[in-house]
Amino acid sequence: MAPVSIFRHGADEEKAETARLSSFVGAIAIGDLVKSTLGPKGMDKILISGTKGAIVTVTNDGATILKAIGVDNPAAKVLVDMSKVQDDEVGDGTTSVTVLAAELLREAELLIAKKIHPQTIIAGWRKATQTARDALREAAVDHSNDQSRFQEDLINIARTTLSSKLLTHHKDHFSQLAVDAVMRLKGSGNLEAIHIIKKLGGSLTDSYLDEGFLLDKKIGVNQPKRLENANILIANTGMDTDKIKVFGSRVRVDSMAKVADIELAEKEKMKEKVDRILKHGINCFINRQLIYNYPEQLFAQAGVMAIEHADFAGVERLALVTGGEITSTFDHPELVKLGHCKLIEEVMIGEDTLIHFSGVAMGEACTVVLRGATQQILDEAERSLHDALCVLAQTVKEPRTVYGGGCSEMLMAKVVTDLANRTPGKEAVAMESFAKALRMLPTIIADNAGYDSADLVSQLRAAHQENKTTFGLNMSEGTVGNMAELGITESFQVKRQVLLSASEAAEMILRVDNIIKAAPRKRVPDHHPC
C-alpha cells in the first residue's frame, strides 16, 4: 500500500532518526560557532550586517553573535533563544550555556547510536543535573555578612567576567568602576540608574564614573548655561502642534497682510503654550521633541533653560533619577510632579559639550563615560561592562559565589561520575556522558588558550580526586592552580543558570522525533494595486 500524506502540498516532514540527526547537527553547529570565544583567551568574531550600510560589529559575546546570525534549523533556534534568556536573566554565561547544551547533545548522539533510548538518557541526565546542582550549592561561599570580604568578592567577580572580554587588559580599572557603580545602587539592582555614554577619542583607560547624570544634548541659544537648585519639567509634547496645518488644501488671501495675520495667530498659540509651561514655576524645561526657535526665544527671555530633542531613553532615565514625571499637558500645574537637582551645568568631554546634572533626587544615579579609539571598541566595551554590571547586580541580590577557571564544572563532573558508578543500568551511561560534557568546558578553555588541554584537564581531574576542590585552570601561566588564591570567582547564580538552562534545552531537543514544516504561503498576483 502506498504511503498516504495527510499534509498540505508543499509541507515537509522529517521522521525519527532523520529528525533527531537534523536537530543534533543544528545544535552542535551553533555550539561549534561560539566555542572558540570561550574563556580568557577566546577569540573574537566580526559580524557584518546585511543592511545597506553594512554595520561591522567585533565581539566575543555569545548572545550578541547568536542574535546577529539568522538560523533556519529549529534546534539551533532553541539554543539561540536560550542564550538570549541567559543574557536577560543574569547578563553573562551566554557562551558557556550554548557550548554546554551542544556538548550534551554531542554525547547524546553517540548514546543513541548505541541504541540507548532518549527517555533513558533524559532520566539519567535529570538525576545528574540534580546532583550537580546540589554539589554547586554546597561549594558556594557567602561573604555577605563580612563587608570587606564581600567587596573583594565583587571585585574578583568583575575581574573574572571582564577577563574574557575586550576590557581584559584594563580589568582592574573597569572592575573597580563597575563595583563602585553597583554599590551606589544600595542593593536595589536597578541598572536603569547607571547611564553609559560612549565618546570617541582618548583610550579605554580614560573612561570614568561620574556621580551624577550626563545628557548628550545642547542648551538653547541665549539661555542660562548653569542653574542651581533646578526645578525641572520633563515633557513629551510637540511645541508646534497648535500651528495651523492644512494638507492638500489651498489658502487664498488677497494681501500679504493676511499671511502675516496667520503667522501671528500661530505665534500667539505657541506663546500661550509657553506661558502655560512657565506657570509651573520651573527654571529648566526638557522636551522629548523639538522646541523650535520662537518658543526657545520666549524661554530665554524668561530666564529658563530649555533642552530639546532629548531621546526617549534619556528622558525616561532623567525622569527616574530627578524624581519627576514625563508630562504632555500643562493645564493643571498642581498635578504635575517636577524633577529636582542641585546643579545643572555644561561640561566638556573630549571635543563635545554635554549637560551635567549633579545632586539629583535619586542619589544612586551615576554615569559611566566610555572613551575609545573606534566605534567598534566603544560598542564592545559597553557590552562587556553591561555584562559585568548585570552579574554584580545579581550577586548583590544573591551573594553566594563559586570558583571559576573550570573548577565548578570539574567539581560537578566528579559528583556526577561518582553517582554513575553507584547507579546500575543504562542510566549510568547517560550520567557519565553528562559528566563528560561538563569536563568539555575546561577542555575548550584550555584549547582556546593554545595549551595542551588533555594534560591540563587530566591534572585538574586528579587534583579534584584528591579533594582539592578549589583547583581550576590558571590560563595566565598555563597550569593548574588554586582559584581561591588567584581570586578567580564567579557568581553562583550565573553558574546555576548555565547548568539548568543547558540541561533543559538539551533535554527538549533530545525528545524530538518528528519535525513538520508548514507549507509556504503561495504568492498570488495583486490584481488591485493601489
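Biologist: How many nonpolar, polar and charged residues does the lining of the second largest cavity have?

Modeller: This is a predicted model, in which local features need pLDDT of at least 70 and side-chain atom pairs count only at pLDDT 80 or more, while totals for chains, interfaces and linings use all residues. Residues are numbered from 1 along each chain as its sequence is written, and side-chain values use heavy atoms, without hydrogens and water. With Ala, Val, Leu, Ile, Met, Phe, Trp, Tyr, Cys and Pro as nonpolar, Asp, Glu, Lys and Arg as charged and the others, Gly among them, as polar, the counts are six nonpolar, no polar and two charged.

Biologist: Which helix gives the most to the lining of the second largest cavity?

Modeller: Helices here are DSSP runs of H or I with at least four residues, strands are E runs of at least two, and both are numbered from the N terminus. H12, H13 and H16 each supply at least two residues of this lining. The most, three residues, comes from H16.

Biologist: Which residues line the largest cavity?

Modeller: The largest cavity holds about 40 Å³ of space, a volume being the space filled by probe spheres set on grid points joined across faces, edges and corners. Helix H12 (407–422) and helix H14 (453–465) each supply at least two residues of its lining, which has two nonpolar, two polar and three charged residues. The lining consists of Met-410, Ala-413, Lys-414, Arg-439, Arg-461, His-464 and Gln-465.

Biologist: Which helix supplies the largest share of the lining of the largest pocket?

Modeller: A pocket is an open set of points with protein on both sides within 12 Å along at least five of seven lines, and the largest one holds about 880 Å³. Its lining has 43 residues, with Gly-39, Pro-40, Thr-160, Ser-163 and Ser-164 nearest the centre, and by class there are 12 nonpolar, 22 polar and nine charged. Elements that each supply at least two residues include helix H4 (94–113), helix H13 (427–448) and strand E16 (471–474). The largest share, four residues, is that of H6.

Biologist: Between which domains does the second largest pocket lie?

Modeller: This pocket has a volume of about 510 Å³, and among its 24 lining residues Ile-194, His-195, Ile-196, Arg-317 and Glu-382 lie nearest its centre. The lining divides into nine nonpolar, four polar and 11 charged residues. Domain bounds come from an automatic or database assignment, and the centres of the two domains, taken over C-alpha atoms, are 52 Å apart. Both domains give residues to the lining, so the pocket lies between domain 1 (12–142 + 403–517) and domain 2 (213–362).

Biologist: Are H8 and H9 roughly parallel or oblique to each other?

Modeller: Helix H8 (residues 256–278) and helix H9 (residues 293–301) pack with their axes 10 Å apart, at an angle of about 40°. Axes are lines fitted to C-alpha atoms over the stretch in contact, and angles run from 0 to 180 degrees between N-to-C directions. Angles under 35 degrees count as roughly parallel, over 145 as roughly antiparallel, 65 to 115 as roughly perpendicular and the rest as oblique. H8 and H9 are therefore oblique.

Key:
1 Å grid on protein atoms, 1.4 Å probe; cavity = no way out; pocket = protein on both sides within 12 Å on 5 of 7 lines; lining within 4 Å.
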